[in-house]
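The following note sets out numbered points on the model displayed below. Please read each point beside the coordinates.

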Amino acid sequence: LSGAIVRLVSTIGERLELITNISGFATFVNVTEGAYQLSVQKNGHSSFSSSVTVPGGRSLRRVFVNREVVSVTWSVVPTSVRDTYKVVLDIEFEAFVPMPVIVIEPMVIDLDALEDMYPCYQIYCPPKNVTVINFKVSNKGLIQAEQVSLSLPNDHDVVKFFIEGSNPLDILPAQSSYTWPVTVQVTPIPTIIIGSDPEGGGKNGVALPPNSIPKRSCKTVSGSMLYHANCDELRGTLVALQFIQTRKSKCPH
């Protein structure tokens with residue numbers, strides 16, 4: 001990769017910087033032995049940073065930085081419901097390039113909206129499958145992706161995800177797509193009862209008073225998709241999924 005900025009910064013602040021040549025090499029000479037922070041940057045590519053030790057004599061370090069062909073822009077839009085917000089994504093990607101270009105939809109999951117699918121005003125509510133989310137992964141590039149895997153959280157207090165279909169997917173050919181059906185299960189947290197005894201008449205499925213308030217989870221969870229290309233078999237490329245809570249006043253900050 002030519003034109004990349006390569007920096008070496010020592011533990012005492014000594015800073016060296018070079019630009020890679022047309023062959024993708026940067027050669028530092030007369031470098032003092034010791035510990036350094038090595039970083040590589042170029043527009044349109046992921047950045048690289050790692051601690052390295054420079055020994056005496058000659059040393060070679062190979063660095064791989066991914067070309068960034070997918071960009072995601074986030075915007076938060078207020079809704080007509082007080083303290084409730086909507087997240088809007090604008091996804092741009094390069095198509096027909098000689099590499100896997102992986103896009104997954106949806107990229108944002110609203111946990112509050114999933115909890116709302118199972119309103120419960122009782123002391124105890126059993127787990128319930130409330131919906132199926134179809135996660136569609138598409139390869140917009142000209143090279144196949146390999147070992148494409150989806151990872152979703154199952155450590156949330158209320159919402160759990162169960163993936164169906166092949167996972168990992170051995171191969172996602174160029175210019176193709178695959179859909180994972182994911183069953184969403186909700187187990188509501190026991191209700192807070194205003195002005196009455198939580199051990200009182202709400203057990204065993206008996207409805208609680210109208211002033212009962214369903215509790216909600218404030219736990220933060222994460223998910224991702226991982227895929228590999230032939231030239232990067234071990235490292236792989238991670239695509240983050242966002243699990244959000246759109247009620248501003250629900251959780252303490």
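1. Tyr178 is partly exposed, at a relative accessible area of 22%, whereas Trp180 is buried, at 0%. The classes are set by relative accessible area: buried is under 20%, exposed is over 50%, and partly exposed lies in between (1.4 Å probe, protein chains only). Tyr178 and Trp180 form an edge-to-face aromatic pair, with 5.6 Å from centre to centre and 80 degrees between the planes. Rings of Phe, Tyr and Trp (its six-membered ring) are paired if their centres lie within 6.5 Å; planes under 30 degrees apart are stacked, those over 60 edge-to-face, and the rest tilted.

2. On provenance, the model is predicted: local features require pLDDT of at least 70 and side-chain atom pairs pLDDT 80 or more, while totals for chains, interfaces and linings use all residues. Numbering starts from 1 along each chain as its sequence is written, and side-chain values rest on heavy atoms, with hydrogens and water left out.

3. The structure holds 2 aromatic pairs. In the pair of Phe161 and Phe243, the ring centres are 5.5 Å apart and the planes stand at 65 degrees, so this pair is edge-to-face. The pair links distant parts of the chain, since Phe161 is in strand β11 and Phe243 in strand β15 (residues 237-244), 82 residues apart. Phe161 is buried at 2% relative accessibility, and Phe243 is buried at 9%.

4. Which residues have the most contacts inside the largest nonpolar core? They are Phe135, Val148, Phe161 and Trp180, in a core of 31 residues. Strand β13 gives the most to this core, with 4 residues. Apart from it lies another core, of 9 residues, including Ala4, Tyr36, Val40 and Val54. A nonpolar core here is a set of buried Ala, Val, Leu, Ile, Met, Phe, Trp, Tyr and Cys residues joined through side-chain atoms within 4.5 Å.

5. Leaving aside residues up to four places away in sequence, Phe135 touches Ile104, Glu105, Pro106, Ile109, Leu150, Leu152, Tyr178, Thr179, Trp180, Val182 and Leu241. Contact means heavy atoms within 4.5 Å.

6. The bond from Glu105 to Pro106 is cis, with omega near -5 degrees, and Pro106 is in the loop between β7 (102-105) and β8 (108-110). Asn167 and Pro168 are also joined by a cis peptide bond, with omega about 10 degrees; Pro168 lies in the loop between β11 (159-163) and β12 (169-172).

7. Most residues other than glycine have a negative phi, and most peptide bonds are trans. Asn30 has phi near 55 degrees; Asn30 is in the loop between β2 (15-19) and β3 (34-41) and is exposed at 80% relative accessibility. Gln175 likewise has phi near 55 degrees; Gln175 is in the loop between β12 and β13 (176-186) and is partly exposed, at 41%.

8. Lys128 has its charged end over the ring of Tyr118, 5.1 Å from the ring centre. The criterion is NZ of Lys or CZ of Arg within 6 Å of the ring centre and within 35 degrees of the ring normal.

9. For the chain as a whole, there are 1 helix and 15 strands, taken as DSSP runs numbered from the N terminus (helices H or I, at least four residues; strands E, at least two). Buried residues make up 34% of the 253 residues. Among contacts between residues at least 6 apart in sequence, 60% join residues at least 24 apart.
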